[in-house]
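Subject: Structure for your review

Dear colleague,

Please find below the structure that I am handing over to you. My notes on what was found in it follow.

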Amino acid sequence: MKIRNRNEGGEKIEVQMAPMIDVVFQLLIFFMLTLKIIEPEGNFDINMPLGAPETSSVTEPDLPPFKVRMEADPATGALSQLLFNGQPMGNDSTAFQRLNLEIFKSVNALKAAGPDALEKQEVEIDPDFGLHYKNIIEAISACSGKMVDGKMVRYISRIKFAPIREEN
Amino acid sequence: MKIKSSGSNAPDVDMTPMIDIVFQLIAFFMVISNFEQQQADERVTLPKNQLAKPPEVKRDDAFTLNVGFLKDKQGEIIDRTPYIFFGDEQIEVANSSNRLRQEAQFYRTIGTPLEDVTVEIRADREVQSGLVQTLIQKCQEEGIEFQRFALKATQKVSP
């Protein structure tokens, strides 16, 4: 039988480090490889009660919804015209800023009208079928608020879709 | 001259600092690993928006629908038909009713009212808007009847 540490006098217990280091490195490599850098995602809530869209237009007879109409270029799906209550806002990157400003003016008018009016006010998004979805998010964002010094000022929270338009 | 015999006395390496550092690294990667967003599908490129903030309170009952295009390894779209991705399965929006009905049935079985369930739609930035509307309409067909919807976007850092 082989006797270890024959020359040493003391009873020193040697801890085996190698297996632990093996396992620890395995874990380290596992976590490094499974790491996915995901950008934080946020939500925009959509108000679509059952029975919409047929009955939705008469939910508040005194308060017609703000209509945001978005026309698309049939060939590319890009935004060709943005209209707010029939008023053209353009089709470039500033169109949504203009929409945001118009919403802001309307929100101020609603605040003056009464405390409940703003909460009941709806926005109806009415896009062409082929319009790229990113424009919808831009429009919803323009209607729902604005970032001021890193904080969100909320304008309108009730956002819904108009009935689907036919595909061209 | 004294010659050392090879392999006799291995130099003693102090392992403690290395193990300290390695444990720190493991703890860091464990904490930073995001196990919550498992339902996110890489084939979907979400639109970016400044106002898209992650919800402060986590939703209890929510299921995610990923709508996007088939892409190659470089991220180029290879098929312009949008699909709903359920793991490896892909379904066209027009044929999604059965799958949505199963989902609704699941929530009924576990006793969750459908009006408390949020359908989170992760749609690719180039998907047709009408298709997203169609999907919402399909989620409200008879026997499915989901009522709460949320559209997802990635948070754009304000300039």
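Leaving aside neighbours within four places in sequence, with which residues is A:C143 in contact? In this predicted model, the residues in question are A:V68, A:I103, A:V123, A:Y155, A:I156 and A:I159.

A:C143 belongs to helix α4 of chain A, where it is one of the buried residues. Among the others are A:Y133 and A:S144, and so are the charged residues A:K134 and A:E138. Because 12 of the 12 residues of α4(A) are buried, this helix is largely enclosed by the rest of the structure.

As a general point, nonpolar side chains in soluble globular proteins tend to be buried together.

I turn next to the contact between the chains. Chain B contributes 45 residues to it and chain A 41 residues. On the side of chain B that touches chain A, at least two residues each are supplied by α1 (16-32), β5 (118-123), α3 (129-138) and β6 (148-155). By class, that side of chain B has 22 nonpolar, 16 polar and seven charged residues. Strand pairing also links the chains: β1 of chain A (residues 41-47) and β6(B) are antiparallel and share seven bridges. Within this pairing, A:G42 has B:A153 as its bridge partner in β6(B).

As to chain B itself, its secondary structure consists of three helices and six strands. Their order from the N terminus is α-β-β-β-β-α-β-α-β. Of the 159 residues in chain B, 27% are buried. Among the contacts in chain B with a separation of 6 or more, 71% join residues 24 or more positions apart.

Finally, a word on confidence. Chain A has a mean pLDDT of 82, with 86% of its residues at 70 or more. Over residues 54-58 of chain A, however, pLDDT stays under 50, and the model has one contact beyond four places in sequence for this stretch. Where pLDDT is low, the predicted coordinates should not be read in detail.

With kind regards

Notes: Residues numbered from 1 in each chain as written. Chains lettered and ligands numbered in written order. Predicted model: local features only at pLDDT ≥ 70, side-chain atom pairs only at ≥ 80, totals over all residues. Contact = placed C-beta atoms within 7 Å. Helix = DSSP H or I, 4+ residues; strand = E, 2+ residues; numbered from the N terminus. Pairing = 2+ DSSP bridges. Buried ≥ 20, exposed ≤ 12 C-beta atoms within 10 Å, placed from the backbone. pLDDT = per-residue confidence, 0-100.
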